[in-house]
2 protein chains.
Amino acid sequence: MTLSDNALLTDLYQMTMAQAYLEQGMEEPAVFEFFVRRLPPHRNFLMAAGLSQVMDYLSTLRFTSGDIAWLAQTGRFSPTLLRYLEGLRFSGSVDAMAEGTIFFPNEPILRVVAPMPQAQLVETRIMNLLNFQTMIASKAARSVLIAEGKPLIDFGLRRAHGAEAGLYAARASYLAGFAGTATVLAGKEFVIPVFGTMAHSFVQAHKDETESFTHFAQAQPDNVVLLIDTYDTEAAARKVVALAPSLQAKGIPVKGVRLDSGDLADHARKVRKILDEGGLPHATILVSGNLDEYRLRELIRSRAPIDSFAVGTAMTTSADAPSLDCAYKLQEYAGRPCRKRSEGKATWPGRKQVYRERTADGQWAYDLLTTISDQHRGDGLLQPVMRDGRLIAPLPSLAAGRTRAAAQLAQLPSALQQLEPASPYEVRISDALHTLTNRVDKGG
Amino acid sequence: MTLSDNALLTDLYQMTMAQAYLEQGMEEPAVFEFFVRRLPPHRNFLMAAGLSQVMDYLSTLRFTSGDIAWLAQTGRFSPTLLRYLEGLRFSGSVDAMAEGTIFFPNEPILRVVAPMPQAQLVETRIMNLLNFQTMIASKAARSVLIAEGKPLIDFGLRRAHGAEAGLYAARASYLAGFAGTATVLAGKEFVIPVFGTMAHSFVQAHKDETESFTHFAQAQPDNVVLLIDTYDTEAAARKVVALAPSLQAKGIPVKGVRLDSGDLADHARKVRKILDEGGLPHATILVSGNLDEYRLRELIRSRAPIDSFAVGTAMTTSADAPSLDCAYKLQEYAGRPCRKRSEGKATWPGRKQVYRERTADGQWAYDLLTTISDQHRGDGLLQPVMRDGRLIAPLPSLAAGRTRAAAQLAQLPSALQQLEPASPYEVRISDALHTLTNRVDKGG
């Protein structure tokens, strides 16, 4: 079963509504925008990610004959809908913020303009893709901001929420500035550097810890990073020191050790001393084990001699905020702007643009949310990506997105770079947008 | 790209370790067990789920020629490993708890016995599959326990962590007792009932709310559930009442309404009154919008006239505990029991079995964790599933798992059925297991 490009990966109501639209001949252009209503607790900003997967989805959306046959046998759908789905190709337009762009609540990061049934059908998967990668990039960026340049590696696949979550978390965290991932498939699919050491089971499978180190070194002579906490961390560090000369004689350098349990800062100091005194000053220390940005900051502040960090579950699941309060909302139909006024969920109507206003010396001052027709100098953050179902140009590569993300994080006001909640960055609503909203509410 | 059955969906170190094992001729049987170390906060029990997907994975595990070519060009792997992977078929044995079984910390729910390189290679994906579905079933069961039999529906796909998370959350929540899902593909793949209503965008796309209701009813005459909170909930309920006779005259009954915002209990009461007084006493009220088991309990306790509940993000992401502290640990190699003694992560060695001990009147008394060779009356919870890479018998269907889950929840001690943390259910360690552990620690 190929999950990721299955057109049936949607909510039932998308199909029932499409059927109703078709029966009423409501195929005029609909404008939907994807945005986040509120920042999650403990977040000062968000980072756009997942656009590449959304464009893949829209470009390849097809209902197979098997899908159509299955839908038909449910007895829920009209022949009109089934014929429509059979021939469906996404023919709409998309404008979006580039991946790696920092954004704030109520700012659309993606706008879809398409015949209503199409624009509606793609809602679920677009949200599913953008919510996840944006959430992960936004979480991972927090670790990047406080790591002082030390390499961070994604170790989260085993507790990611399924296959796609693991793969896309590797992608989104690399976009945000991680150095790489342990997930092999992410290396193949996205050209992300892949890292790995050894597991406790490897040590346990041997009767003797030193023998396990020797075997691993012989099998991976270019990447000898030894896991030393299976039994007694410092004792194992001394075994590494004792073993290193004989490995070196065979041309196998010990590149480093990994610590995965206990007081990591304390173990790192003791192990560093053992390695230094044992003639291994260049062997690095990688730590792992329930790390998140707060633990990372503690370890960094402690000045423990740690060279790199593997971050797993907390990042891959965005454990403290495992979803975004995101929405994909109708903003205009058949040329008529509209908005939702449900309690606590009201939205700004119409097609919108976001401008990042700067101070005289180039600092970020505030963002301006306005209508697309509002005259304004400078480039808006949403740029054309697709027209008539075709990409205007190839999307920026993941590497280019990573460069953009790094530049954005460097420009981010310093208060927003902290882990603790700061005063919200101002998103100013333009006069033009206020005027439009009033007009819509009056039914004008 | 087919994600879900890709053999490269694993951690790099599984491959480097496999290479080391092969080079040392360490292909003796290895025994790994999957278990959860600790309950997440706010959980009194766990429910096993995901075995079916694990068995699919093991049964179909193949490295394609493309996988091998990609691994070769990385320059990291020996010809020995690449040849091995090319011909790899999982040839091991699996014992497991049936899906829907309730279990507790330190109890293995799955045991793999296979030649070491195989048993190691499958670690990452087995954990990825069992962690997620078990976490979701355990979370969803809490809502089932307090819903007093009212139908619960999974609405979570849009904020699930990718495609597979959405699909498997639909499956795991149905296993735990949900009535169905909005995810169409879950209906097709797992024969789960699919539910859906309409979205706010449908109402907004019309100039008039009543017109939107009419159009929807005409398109879905057998399933008229109208969303009434887009602008003013009670006003919309009155519009439904006014519209109903003309729809009824065409043979289209209004089956119900959905509320998605505001004070749901208050709106439900007012809407119920409007519907009752308007001649629609049989029209049901479905509520949705940021529900979790606590909100659900409040609504149930309020005796608000709500007929069914759609539960989304909080369940699909297991928002309050988005991962389990789970492990897949080596317990024996080449006939020699072993265990990990890392600080805070020590494990019980050897092949183990779990017995659910009962009182004279059939109540659950405690669980006994013991060695597999310990003589004990009754059936253990782990039962043979696969031998020599082949399923012993077809796995129980999802429907059978759901029946088992319901029976388990009914038997669960009442203190553990509450949402608040109860005294932990006792998992007693047998004398035989203590004796084995002492022997292993002495290196015997």
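## Helix pair H6 and H13 of chain B

Helix H6(B) and helix H13 (residues 293–301) of chain B pack at an angle of about 5° with their axes 9 Å apart, where axes are lines fitted to C-alpha atoms, for helices over the stretch in contact, and angles run from 0 to 180 degrees between N-to-C directions. Helices (H or I, at least four residues) and strands (E, at least two) are DSSP runs, numbered from the N terminus.

On the side of H6(B), the contact is made by Arg142(B), Ser143(B) and Ile146(B), and on the side of H13(B) by Glu293(B), Leu296(B), Arg297(B) and Ile300(B); two residues are in contact if their C-beta atoms, placed from the backbone, lie within 7 Å. By class, this contact has three nonpolar, one polar and three charged residues, with Ala, Val, Leu, Ile, Met, Phe, Trp, Tyr, Cys and Pro counted as nonpolar, Asp, Glu, Lys and Arg as charged, and the others, Gly among them, as polar.

## Basis of the model

This is a predicted model, in which local features need pLDDT of at least 70 and side-chain atom pairs count only at pLDDT 80 or more, while totals for chains, interfaces and linings use all residues. Residues are numbered from 1 along each chain as its sequence is written, and chains are lettered from A and ligands numbered from 1 in the order in which they are written.

## Domains of chain A

Chain A is divided into domain 1 (12–137 + 323–441) and domain 2 (142–316), with bounds that come from an automatic or database domain assignment. The C-alpha centres of domain 1 and domain 2 of chain A lie 38 Å apart, and 17 residues of domain 1 are in contact with 18 residues of domain 2. On the side of domain 1 that touches domain 2, the elements that give two or more residues are helix H6 (123–146) and helix H15 (398–411) of chain A, and H15(A) contributes the largest share, six residues. The residues of that side divide into ten nonpolar, five polar and two charged.

The axes of helix H7 (residues 163–176) of chain A and H15(A) come within 7 Å and cross at roughly 45°, which makes H7(A) oblique to H15(A). Arg171(A), Tyr174(A), Leu175(A) and Ala176(A) of H7(A) make this contact with Leu398(A), Gly401(A), Arg402(A) and Ala405(A) of H15(A), and by class the contact has five nonpolar, one polar and two charged residues.

## Sheets in the two chains

In chain A, an open sheet of three strands has the order E14-E15-E18 with mixed pairing, where two strands pair if DSSP finds at least two bridges between them. Strand E14 (352–358) and strand E18 (427–429) of chain A are the edge strands, each pairing on one side only, and neighbouring strands of this sheet are turned by 30° against each other on average, direction ignored. E14(A) and strand E15 (residues 364–371) of chain A pair in the antiparallel sense over seven bridges, and Arg356(A) stands opposite Asp367(A) in E15(A). Helix H16 (residues 431–441) of chain A packs on the sheet, touching E15 and E18 of chain A, and its direction makes about 35° with that of E15(A).

In chain B, six strands form an open sheet in the order E7-E6-E11-E10-E9-E8, and the pairing is parallel. Strand E7 (180–181) and strand E8 (224–227) of chain B stand at the edges with a single partner strand each, so one side of each is left without a neighbour in the sheet. Strand E10 (residues 284–287) and strand E11 (residues 308–311) of chain B pair in the parallel sense over two bridges, and the bridge partner of Leu286(B) in E11(B) is Ser308(B).

## Interface and symmetry

Between the chains, 83 residues of chain B are in contact with 83 residues of chain A. The largest share of the side of chain B that touches chain A, eight residues, comes from H1(B), and by class that side has 38 nonpolar, 31 polar and 14 charged residues.

A rotation of 180° with 0.0 Å of shift along its axis superposes chain B on chain A with an RMSD of 0.0 Å, the copies being superposed by least squares on the C-alpha atoms of residues with pLDDT of at least 70 in both. The two copies are thus related as by a two-fold rotation axis. The same surface serves both copies, in that 100% of the contact residues of chain B recur in chain A.

Key. Angles under 35 degrees count as roughly parallel, over 145 as roughly antiparallel, 65 to 115 as roughly perpendicular and the rest as oblique.
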